[in-house]
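Student: Could you walk me through this structure, please? I have not seen it before.
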Amino acid sequence: MRILIVCSSGGHLTQALALKEWWGRHERSWVTLPTEDARSRLVGERVVEAHYPTVRNLPNLARNFALARRVLRAERPDLVFSTGAAIALPFFAQARFVGARTAFLEPVDRITSASLSGRLVYPFSDSFLVQWDALAAMYPGSENIGVVL
């Protein structure tokens with residue numbers, strides 16, 4: 001299975017890295033933000049850097065939609081997986097155009113309130129994973145996988 005892992009740097013990347021036992025068994029590439037944190041933690045991985053900042057920046061949102069189109073066509077992933085945040089939306093919105101399924105994991109710090117990125121990608125998600133029961137009640141059809149970190 002080919003996986004495209006899309007996440008911001010920092011805590012979102014930490015959540016994704018915590019799942020190495022799972023993604024380490026698959027062919028994969030990453031889309032993340034151009035930060036030293038991400039570069040140092042993804043040494044040896046195939047990485048595409050997204051346009052940054054992504055929060056409340058409409059020009060970069062448009063650039064990242066174009067980037068997502070190019071990356072999805074080039075990589076042809078079977079699954080687009082994300083732990084957030086805003087960088088996930090362009091990839092989830094277009095994943096179905098290349099036949100890719102999508103899975104989103106709400107970060108562990110989202111206990112009783114949904115994240116903005118989670119709310120935005122939920123309609124485009126084939127699998128929506130949460131880490132707390134209270135959050136599962138907010139997303140019909142979601143699956144509580146327990147705390148990842």
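Student: Fine. What should I know about the model itself?
Tutor: This is a predicted model, in which local features need pLDDT of at least 70 and side-chain atom pairs count only at pLDDT 80 or more, while totals for chains, interfaces and linings use all residues. Residues are numbered from 1 along each chain as its sequence is written, and side-chain values use heavy atoms, with hydrogens and water left out.

Student: How many helices and strands does the chain have?
Tutor: The chain has seven helices and seven strands; these are DSSP runs numbered from the N terminus, helices being H or I with at least four residues and strands E with at least two. Along the sequence they follow the pattern β-α-α-β-α-β-α-β-α-β-α-β-α-β.

Student: And why is the chain called as compact as a globular protein of that length?
Tutor: Its radius of gyration is 14 Å, close to the 15 Å that the globule rule gives for 149 residues, so the chain is as compact as a globular protein of that length. That radius is taken over C-alpha atoms, and the rule is 2.2 Å times the number of residues to the power 0.38. The C-alpha atoms fill a box of roughly 35 × 30 × 30 Å along the principal axes.

Student: What share of the residues is buried?
Tutor: Buried residues make up 46% of the 149 in the chain. Buried means under 20% relative accessible area, exposed over 50%, and partly exposed in between, with a 1.4 Å probe and protein chains only.

Student: Now the spaces. How much space lies in the largest pocket?
Tutor: The largest pocket holds about 510 Å³ of space. On a 1 Å grid over the protein atoms alone, a pocket is an open set of points with protein on both sides within 12 Å along at least five of seven lines, whereas a cavity is a set where a 1.4 Å probe fits but cannot get out; lining residues have an atom within 4 Å of a point. Grid points are joined across faces, edges and corners, and a volume is the space filled by probe spheres set on the points.

Student: Which residues lie nearest the centre of that pocket?
Tutor: Of the 25 lining residues, V55, A85, A86, L116 and S117 lie nearest the centre of the largest pocket. Helix α1 gives the most to this lining, with four residues.

Student: Is S117 buried or exposed?
Tutor: S117, in helix α6, is buried, with a relative accessible area of 11%. Not counting residues up to four places away in sequence, S117 touches G84, A85, A86 and F104, where contact means heavy atoms within 4.5 Å.

Student: Where does R2 sit?
Tutor: R2 is in strand β1 (residues 2-7) and counts as partly exposed, at 26% relative accessibility. The C-alpha atoms of R2 and H26 are separated by 6.2 Å, although these residues are 24 apart along the chain. Beyond four places in sequence, the residues that R2 touches include E27, R46, E75 and P77.
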